[in-house]
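Please read these notes with the model open beside you, and follow each point on the structure as you go.

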Amino acid sequence: MKKTFRNSLSILLAACILLTLPGCWDSLDIETRDIMTALIVDKKGGECYFYTEVANLSGKKSQQNGDQSKDNFSILTSEGKTFSEARDDYNRKTVNQVFLGASRILIFTNRMADDGIEEYLNRLRGQLDYRKTIPLSTTFDEPMDILNDVPENSASVGFAIEKNLESIVKEGTWFSMNVGDALQVLASKKAGFLVPDLAVSNKAITISGMTVFDQNGKRIGKISAENRNGIVYFFNPHAIFFYDIRQGDKKYTVRIIFKKKKIVPAYTGGQLTLQIDMSFNANLNFADKLGPVTQETQTKIQNQLESRIKQEIEQTVKTSQQKYRCDYLGFYKYFRASYQKEFEKMNWQDVYSHAQITAAAHVNINESNIPVES
Amino acid sequence: MIIRKNPYREILSGVEAQCSDISKKIIKCEFGEITVLFIRQLTDMELLFNQIVKPIMTQAGSVDRLNADIIACRIVSTEISIYKMDRNMIVENLMNGMTVILLSWDKNFLSANIRSVAKKSIDSPELFYTIRGPKDCFTENLDINLSLIRYRMKDPELKINLLRVGRRTKSRVAVVYINDIANETIVNDVLQRINAIDTDGIIASGELQSFLQNRRSVFFPQVGLVERSDMACTGLLEGKIVIIAEGSGIALIAPKTLAEFLWSCDDDYDHKYLAAFIKVLRAFALVFSFTLGSLYIALTSFHPDILPADYILTLAKLRANVPLNAFTTIFLLEIVVEILREALLRVPRQIGPAIGIAGAIIIGQAAISSHVFDPLSLIIVSLSFLASFAMPDYTIMNPFRLLKFFLMIATATLGLFGFTIGFCVIITSIVSVNSFGVAYTAPYAPYHRHDALKSIFYSKNSASTRPAFLRTKDHTRGNGRK
């Protein structure tokens, strides 16, 4: 009897707790939050600015804009002397609690990049509701120009930029760089990193190149998109590029597919040597004139490609060593794996900028869309 | 003519007083008075007159001596038994539908079986519909049900234990098993539980089922339902025990594990890979049926960040104008669905589709367009509703219909953490159940590799042994091929 009473009491108590608590804790339905999809951080005249694109869930349409799809997102700005103040200002302007989990892109203006992005990235490190996989980028344009330049085929700037970056990474012509990657490099304190740079051109957002950041998270330069081949080979394991090779009176277009790379560091007597060995598969895609290609021509194309890619790799490394004196290509990871103690003690920046680099590229034309004459 | 005084007139008047609905036919002959007692509703009148009354009337005068033995052996051609004259025995026989013949000069009486109970013919199954399997299902008549099993099972080792249950109904219950296969302990356990039943009556197998359940863990069904005789025979060959109650078209089968509730006889008739796919699909359907709503609550109210960003936006837009929070939405919809389920089960078949249309289309469409519910929650609840019908044996879904609400409340309280706790509680309670000493989660916990594989990839030609968890006397089925 006593036991039955105790059991009934426990069940009643459990039921009461479960029935009274629903929705009391940290639950907040997704539709009652302001969902941010893009964030631009700017610093101007000692003030911090946030420019955000927020999903407009209420469905209220603006009068000016004729295109209804564009009304699905609103632009919200805030400012303050510090990031905390700017955030406080932002919170006071938003209707609901901000949801950061759906942010698609984080953009720093060139002013902010010059000042350094480390502080803001470290803020993100501590904020659990930010995804660490948000792609990073920079821009020389004004934030409002970027946010107002919604592409025709997308309702959101955030989604459009993210998808653009995603697609070119998948195509093998770019590499991914997100908040997590940047935080990892910054934590090493010895290397820099590259971030895609966006620009508004002919009313379209385009990726114009990449911004070089040093080990302190400050912008030290920009590399144009045309000179990216060598860089992409270091970061994208599925890199694919097309090369036009002139051989005789014909111009051949070759598709180069990155196969593997091997980087061997050697450190003797304070001198660092890096041996870079990259292998590629190639496909003779087409020629400007009809007709078969001979084995001899194919070998010549192969040699020409090897020398050209080798040159690109060497140039890429040389730029990082001599122009920027910053290891943004990530050689430190290979060196640290083999010489951990030495790495901790040394000034990697100095050692790297004086390192001897030997690069080799091996191209194997294993496919051909053009008939091969044996 | 010598008319002897009927020595049992007192018994007869006592019987008549006790059973008001009995009918009587008195035949007078030179030896005395022959009284034929019967209940009109339970007796085949044609047989009564052609095989009992008429032969007695015509032949009674032509024999030198007439007693119960002579009537049973020479005159009446139906199945007949002789008993010592006893009032209680007479009443019991009459209540069982027998026709009782009393001879005024004999100390014995006769009981003839010319029962005629209104019964439906062997019909197609309604609960366990099969595409390729036999469609002859049990009826409310126990003898027909036993004959259907006997027809398929020509094994002399097939044992049928007939028991009487119910103080007043005295319903017959048949415990059927194959003597040299079924585990003796389980058989004894079943017989013991049925013998221990002390109630006024058992009308159908559903009532019997409640007596066969373990008292401490009655939430999950430990006895399966069998509607078709082929299912019963398959179970018997596995080493199981089939329990058929008189007056019920659904038999019971024991022991039964959770995984077996997800199997259908059609699986044995299909290709084993297709059957495996369907079994896995049913397992997913079972989990979906009670978790989908809770997961929706967890994702919408607590952890939207684990969803891809596109889905977050879509979800938020769908729910933008809904006044109710996710928990209330799902809870109310689940209640609506349960009401619909009940309504569909109880109404006549002709009205059923109309209620389905009213429920699904009119209420659903109106609820969405008026922004009472969001479309996704309606999809989630409908999916979970449909998933619950994927089980071949619907009884397994009953506990999960209730547990679904428990899981929803736990999730609405603590988010995914609450969901995990609730899910673990359910899993723990499932694992602690046993069916007549057989672990409910066998052969996966305790794990038996061979049985676990065979439970998914089963085909008769490759299953040379019976499941080990049933602890059968004869473990081997055969070699597959001679």
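1. Two strands pair if DSSP finds at least two bridges between them, and strands (E, at least two residues) and helices (H or I, at least four residues) are DSSP runs numbered from the N terminus. In chain B, strand E4 (residues 99-103) and strand E5 (residues 108-112) pair in the antiparallel sense over four bridges, and Leu102(B) has Phe109(B) in E5(B) as its bridge partner.

2. This is a predicted model, in which local features need pLDDT of at least 70 and side-chain atom pairs count only at pLDDT 80 or more, while totals for chains, interfaces and linings use all residues. Residues are numbered from 1 along each chain as its sequence is written, and chains are lettered from A and ligands numbered from 1 in the order in which they are written.

3. The pair E4 and E5 belongs to an open sheet of five strands in chain B, with the order E1-E2-E4-E5-E3 and antiparallel pairing. Strand E1 (22-29) and strand E3 (80-84) of chain B stand at the edges with a single partner strand each, so one side of each is left without a neighbour in the sheet.

4. Elsewhere in chain B, helix H13 (residues 326-346) and helix H14 (residues 352-369) pack at an angle of about 165 degrees, with their axes 9 Å apart; axes are lines fitted to C-alpha atoms, for helices over the stretch in contact, and angles run from 0 to 180 degrees between N-to-C directions. That makes H13(B) roughly antiparallel to H14(B), a term for angles over 145 degrees.

Definitions and conventions: Parallel < 35°, antiparallel > 145°, perpendicular 65-115°, else oblique.
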